[in-house]
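Take a walk through this structure with the text as your guide. Keep the chain letters in view as you go.

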4 protein chains.
Amino acid sequence: MSDQASKKPLHGGMLAAKALKEAGVEVIFTLSGGHIMPLYDGCIDEGIKIVDVRHEQAAVHAADSWARCNPGKIGVAAITAGPGVTDGVTGIANAWRANSPILIIGGQGPFENLRRGSLQEMDHLGVVRPITKFCDAIYQTKRIPEYIELAIRHAVSGIPGPSFLEIPMDIFMASLSEEEAKAVTIPRIRTNSPRLSPDRDEVRKAIDLLRNAERPMLMAGTSVKWSHAAGEMNRFIAETHIPTYTNGMARGSVSPDSPEFLNRSRRDALEKIDLIILAGTLLDFRMRFGQTIPADAKIIQLEMDATLIGQNRQADVPLVGNLACSFDGLLEEMKNRGVQLDFSPWRDELRAIENAAEAKVEANLNSDEVPIDPQRMCRELRDWLATVGEPIVIGDGGDIVATAAKILPVRSEGAWMDPGPLGTLGVGMPFALAGETGPPRPPGGDRVRRRLVRLQWDGIRHRGPLRPADPASSETTAHGDR
Amino acid sequence: MSDQASKKPLHGGMLAAKALKEAGVEVIFTLSGGHIMPLYDGCIDEGIKIVDVRHEQAAVHAADSWARCNPGKIGVAAITAGPGVTDGVTGIANAWRANSPILIIGGQGPFENLRRGSLQEMDHLGVVRPITKFCDAIYQTKRIPEYIELAIRHAVSGIPGPSFLEIPMDIFMASLSEEEAKAVTIPRIRTNSPRLSPDRDEVRKAIDLLRNAERPMLMAGTSVKWSHAAGEMNRFIAETHIPTYTNGMARGSVSPDSPEFLNRSRRDALEKIDLIILAGTLLDFRMRFGQTIPADAKIIQLEMDATLIGQNRQADVPLVGNLACSFDGLLEEMKNRGVQLDFSPWRDELRAIENAAEAKVEANLNSDEVPIDPQRMCRELRDWLATVGEPIVIGDGGDIVATAAKILPVRSEGAWMDPGPLGTLGVGMPFALAGETGPPRPPGGDRVRRRLVRLQWDGIRHRGPLRPADPASSETTAHGDR
Amino acid sequence: MSDQASKKPLHGGMLAAKALKEAGVEVIFTLSGGHIMPLYDGCIDEGIKIVDVRHEQAAVHAADSWARCNPGKIGVAAITAGPGVTDGVTGIANAWRANSPILIIGGQGPFENLRRGSLQEMDHLGVVRPITKFCDAIYQTKRIPEYIELAIRHAVSGIPGPSFLEIPMDIFMASLSEEEAKAVTIPRIRTNSPRLSPDRDEVRKAIDLLRNAERPMLMAGTSVKWSHAAGEMNRFIAETHIPTYTNGMARGSVSPDSPEFLNRSRRDALEKIDLIILAGTLLDFRMRFGQTIPADAKIIQLEMDATLIGQNRQADVPLVGNLACSFDGLLEEMKNRGVQLDFSPWRDELRAIENAAEAKVEANLNSDEVPIDPQRMCRELRDWLATVGEPIVIGDGGDIVATAAKILPVRSEGAWMDPGPLGTLGVGMPFALAGETGPPRPPGGDRVRRRLVRLQWDGIRHRGPLRPADPASSETTAHGDR
Amino acid sequence: MSDQASKKPLHGGMLAAKALKEAGVEVIFTLSGGHIMPLYDGCIDEGIKIVDVRHEQAAVHAADSWARCNPGKIGVAAITAGPGVTDGVTGIANAWRANSPILIIGGQGPFENLRRGSLQEMDHLGVVRPITKFCDAIYQTKRIPEYIELAIRHAVSGIPGPSFLEIPMDIFMASLSEEEAKAVTIPRIRTNSPRLSPDRDEVRKAIDLLRNAERPMLMAGTSVKWSHAAGEMNRFIAETHIPTYTNGMARGSVSPDSPEFLNRSRRDALEKIDLIILAGTLLDFRMRFGQTIPADAKIIQLEMDATLIGQNRQADVPLVGNLACSFDGLLEEMKNRGVQLDFSPWRDELRAIENAAEAKVEANLNSDEVPIDPQRMCRELRDWLATVGEPIVIGDGGDIVATAAKILPVRSEGAWMDPGPLGTLGVGMPFALAGETGPPRPPGGDRVRRRLVRLQWDGIRHRGPLRPADPASSETTAHGDR
């Protein structure tokens, strides 16, 4: 880094920005704070966009959203010491549960005065440790890039998630000596973790189980997204005609127009299946801890990490690795062995149930009731969204998300975002903000963004003619605005 | 608890509310959440007021404010699992640094499904451990009152601060069997920690040092408030005429009309003193880690806890214990030994410096500049506040708090509130809310509450003719509203 | 520190040793390790004795014992990085539960290579945090003395306990620049925490309760020792003739020849009392969580820290502070109010029970059974100890400690040592070692040390004619050796 | 589990033992303690051997050794509450750094009295959290098997390591109701984590780099062992004639008779190479953080986990996954593309250097010096070991391990054991113990076990004619005993 050094002294903020640039970071989300000023300086030099928000929670939610909108990249938030970091805790926790790869850079009081009671000095690492994949403090200016590489490596490896780095003010502001500047290098930083393939023996066993199955279903969940596996999965679905449901971040990974895509018949399917492929779907509360799967049904579980195999109920065949590789492996094995799988009769059976279920709610979708039925509202929204190019819909709320999920079609991966399993309310605005700050789209990509804004129940009572989906809940419904 | 048991089954929420009642709790601050519903039920039974806010951060800030406004009581917030608890982290951290005794009750997924991946299950305890005096989970319904006593005991003992209790949903909802209901008792709960007196030998040494001092000062800080020591301290000041400055939560503990109260001459005083009494004032960043005290000046430090004695600079005499007891001890020792201390000449010298400093800013206070000078604004506010009964002014911001501190007189302890050493922005509204929900005041207590609302610099730029106090800062000034 | 600087460069080990010297440390216990070499260098310079053992667990147990044997001083152990620190964990935990004020200095890989995977680099702080009062790493050579003061302050304040400091190898070895050497100072370090007195109102209430009591008992425990309160307590006992039992580290604080001292009638006493003074005795498992105290008996609790008041059962009167001050306060209040308390009739009643109980075991004490009855063994030991000057008996084991406690008289505070509430087996040798390395005794102090060595049950079965106290236990008995 | 339930009530210890049995556990190492008694009961029922030692550290070291000796299985230690668990901390830390898959079951005070101060109640989880892959407490008897599955799953997945489970005494002792006993099932437990294959694109890139290399080396380390990859690696070595060095647990994975195996020329090789294959060898202190690899040499890194790729220096090609799969992939790619690699000239060059280095030490190996030269001692040991069937040599010490590593040939994987990167002294005896308690060997398997016993330097000085390898070190040499 010698040519650089000749021009002006390299300070910590510049080193950090250079490392972020190397990692392909295009934007940081922040609330301007004194402890992290040097980073802004560095980002301006490196052409990294700085988006300033009004509460650090929003900065971290935006980084989470950015990571979701830009597959293979990492979202970054910078938050100042003390209340800056604590304000970001919900954002970190939400990304933790949603497996969103983000890096949070936090300020801290000066290293020189560690433990002396500086302004806003506090134990940030202790607070964020349980909700990060990696967290650490940096006490040497010259090693800032090295730590950033380390933090990002942990964030993107295996099941992704947040990493946190704290940089004391004086370490961040200090400039390298000429000698140090010559010695320092920015390490190569990968934001796309290597793809791993599952054990071939297990792939073989999976095909054996599928050959014996008559009523299987595929339940696609979050790891489909983080594996970038939609393409391979859809090939498998098309090849086998396996009835398919989606949850979590896999919503949109299967086209609503696909003959295998089902949405309203899951409960019926679960009662009858003899095999389930859990493709990145955990058997947590959303699947009633596995209890709704018949006791004698076989389980093939595709996950990115072996520690998630068998949670709450053992899998018969574990396929660990990147889900794209796993689906590829299944297709290849079928081809090699000349295995033909055709579940279309069973799919048709479920399609009939699905159609009946849709007919049942038809009345609600068109209800003229006042206050308005939330299903009617979602239907209106659906009709309007159909007129828009490629909307991203952001669900912010509890019941309304569940209601909308049944009615609004999601036409592509990433076209729907919701908080994820932590269920944080209030993600709407910052999620949308990150969508807006995305990279320029290709010419024909007439991308229009929309969001669902959470309305409070009392707000609704006082301000508009909307009916709650469920009176026991404090939230109720939502409206779409541009 | 036999008569109770005969009527209706005691569930966890009722037990919790009974324990809170025993602890003298009058109000809880919360954002309604599913995991903590049983507590509301119990609070209604026990006549404990429930104040519902829109973000859990506000609930905890309000509990913090409540504890400050109601000396000898504990503030309580109840926040739901997952994002509820994480949203409260800034409030907890702020109370931690401000030594505010509060209890936070957090929800959690069901005990029955611990570690299975319940909705919003997460490691709350890990997150809050570094910023609480005590934190724990309760796994037995019948022991809820016992844990509440334990948590409150830790919160109020020694230097006060926050405690956190997590109660899984099913434990909270479960009802005691008839037998258990008979056996359970609500323990007596103290919210006023016992007062301790310092070692008499040290009191004697302190008097010896004072007798040899010519230019002492008294710096009153936060532990004056948490010791409820204003009365005893003022007696000591009146007796000795020692020049007195205040910071932290001691603002208002000395009347601005007291001849010994000084505000604008601290830097001059610190250069000349030969002794300083640190009454609950830490030598942290606010005192430049003790470096501004002359090397040969003697230090008498009054603190509630021995671990704070000598931080960053050793005290010559430590007086550990309740500060009221310590000031009492000093007065008693003076009386017993017939010691007369009269620092009025030195006080007069500082008064002259103070007057000169005030004259210097006179022009700013009355400046007609546009945008308005923040000092002018504070002066206007000062004049207006003088027409109001007994205002509580809440400072929410950074620079504006420092500016206002020089201009707005604080006429009684508790009449000024600011975030404290964590410097959290945004405490204004919830702090005010808790003030409003206070106990009924005595007939003549024509108490009027006011607050300073934080304005963002960009807000100001776009919305009003106000000039920044310091252009390098993102915040600038403030306005008063009723 | 200018004169020093002129001679030879000050390195981290020398700074550490100077700080220890300032704190009155006379000896460190260690197992020689590469990461902490500089400390040995410094200790040799400062005349601090270095005792080298063969397992770090022993080093920390010895520091624990040292602190117990040298009231008002702090025990110190130095242990090398990685397995050195982990080997010390049991010693730290034992001191933590026994409230023994010790400082452990641990090595660590170089600061320069933090997180790079140095030899024996590991997260020591994470491991010891739950069992220390304070723990931290030092990353600046010049601040080593400051951190040592801070660590010791926490160790000795309030309820004492262990503190842990980790010093990376290169920080420990680095020498100060001439300028730094001039600027650095060794802070004054207190190892005797200030004594605090309880609230006088509570003292008054205690006397009121005692005046109404007819059958009180005094239960003296560990905080009597850490308050150095034996003198004041014995004055109170002599004045009131209150029947007195001891447990924990209070054993020996009341002379076995005192008419009020009782040992074998505690269970009977607990059934009949109408008041109990808990003098530093917790209501933990050793007191069956307070359940054996009659429901209507009054409780006066003397403790050093308010957080321990009311654990498992609320006290009627809390006397918080140094127990010497509390007993002084009780005596003073009695004198001032002219209160006379005489519990000798009730004491005599218990004495009769005690005598009957002793008669019952007489046969066992003199049993000729083979294998030998452990009570017989203890009796023999008792007779022999009576011929020795001032033995310190160290109980190392489980059942044998309980058996011996009934038979061996403890003639002075500190003349008995056992692991304490953690019940660690194996403390015998290192405890004895520290006793041996104590300061020179006064001329007449013909101090002879003895210890009880733990024997394993299988050992006994194979090697000697000893009978187990309780066959269900793996330990059984013990023998005395010189 | 209905037939079981009819016979006798299932208690927690039985459930635990059934789960261990399901996991293929054959032996537990323990020191008999009261809190964990039920487990022994269960183990006897299930035919699981119980090995009792005299210090819990040894129990955990033995479990570590067991896991190393029995690939694909998990080592188990059971240690009682309080000092039992803390005594085990070094064993856990050692397994943590050595990636040894073990399960530690710890006792705890009763659930019913949680936080009340039970005998030996302490925060075990806080202590072991930083050195375990998973740790938790079990508070429901019926869920014990579920937690054991969870703990083992974490221990064996990815890079293996220790898991810790704490079971309160009453939960361990409690029996299931008849209904619960019917409902409970023992989950299937895998102790062999699924094998993952690396990305094929990266395999291709690796071959491209190898084709351009002239002077590559292969550095085989610990993950070769945990991947069970010795077979595949040796095929690759034989195919390419790549010069190969081993460290960590890969010692013995390449036969000392292999023409590619080198031992004394590593430093020379590192100066000249243009490519290095890091096969499970980290660039930590043992590789000087990667600084000894020439700046322009290419790095191909094979690791089991992506977070270890690029530590301290970025890899040019990462091959993440099971190392057997990675070597297989390389061979397959070579075959498919018809790539021939032949590094024998370069290997011969290093062989010449190696031979020269061996000649140099020849004199030391045969030295008649008194005290004995440690190299001579090792040579004698070498000669004697050659007469023994299949010895397992256990290195316990520091310098002696390094010295022996150069002289003693290791003829098969697992025939050498040393502490690993934590460098714990004292593992010798427990490591040997676990070797002895291994499963019966096949008829011809005339396995004789030997160990190196650590001798202290002072011991040597006083007791025997041995010369230190390095006088600066406290350890020196060793002797072999049967």
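Set aside its neighbours within four places in sequence, and D:Ala405 is in contact with D:Arg251 and D:Asn263. Bear in mind that this is a predicted model. Where does D:Ala405 sit? D:Ala405 lies in helix α18 of chain D, which covers residues 399–407. Now look for D:Ala269. D:Ala405 and D:Ala269 are 136 residues apart along the chain. Their C-alpha atoms are separated by 18 Å.

Move to chain B and find two strands. Strand β1 of chain B covers residues 27–30, and strand β2 of chain B covers residues 49–52. The two pair in the parallel sense. Four bridges join β1(B) and β2(B). To see one pairing up close, pick B:Ile28. Its bridge partner in β2(B) is B:Ile50. How does the chain cross from β1(B) to β2(B)? The path goes through helix α3 of chain B, residues 37–46. This is a β-α-β crossover, and it is right-handed.

Next, step back to where chains touch. Take chain A and chain B. On the chain A side, 39 residues take part, and they are in contact with 39 residues of chain B. Together, chain A and chain B bury about 2900 Å² between them. Of that area, 52% is on carbon and sulfur atoms. How many salt bridges are counted between chain A and chain B? The count is zero.

Which elements of chain A give two or more residues to the side that touches chain B? They are α5 (83–87), α6 (89–98) and α7 (124–128) of chain A. The largest share comes from α6(A), with four residues. Sort this side of chain A by class, and you get 13 nonpolar, 17 polar and nine charged residues.

Now turn to chain C and chain D. Here the contact takes 38 residues from chain C and 38 residues from chain D. The buried area between chain C and chain D is about 2900 Å², with 52% of it on carbon and sulfur atoms. Zero salt bridges are found across this interface. Residue pairs in polar contact between chain C and chain D number 14, again with both residues at pLDDT 80 or more.

Look at the chain C side. Three helices, α5 (83–87), α6 (89–98) and α7 (124–128) of chain C, each supply at least two residues of the side that touches chain D. α6(C) gives the largest share, four residues. By class, this side of chain C divides into 13 nonpolar, 16 polar and nine charged residues.

Finish with salt bridges. Over all chains, the structure holds 109 salt bridges. One of them joins A:Asp136 and C:Arg115. The closest N and O atoms of this pair are 2.4 Å apart. The pair crosses between chains. A:Asp136 is in strand β5 of chain A, residues 134–137. C:Arg115 is in the loop between β4 (102–108) and α7 of chain C.

Definitions and conventions
Residues numbered from 1 in each chain as written. Chains lettered and ligands numbered in written order. Predicted model: local features only at pLDDT ≥ 70, side-chain atom pairs only at ≥ 80, totals over all residues. Heavy atoms only, no water. Pairing = 2+ DSSP bridges. Right-handed = clockwise from strand over helix to strand, strands pointing away. Contact = heavy atoms within 4.5 Å. Buried area = accessible area lost by both parts, 1.4 Å probe. Salt bridge = Lys/Arg side-chain N within 4 Å of Asp/Glu carboxyl O. Polar contact = N/O pair within 3.5 Å; in protein donor to acceptor, adjacent residues only side chain to side chain. Nonpolar A, V, L, I, M, F, W, Y, C, P; charged D, E, K, R; others polar.
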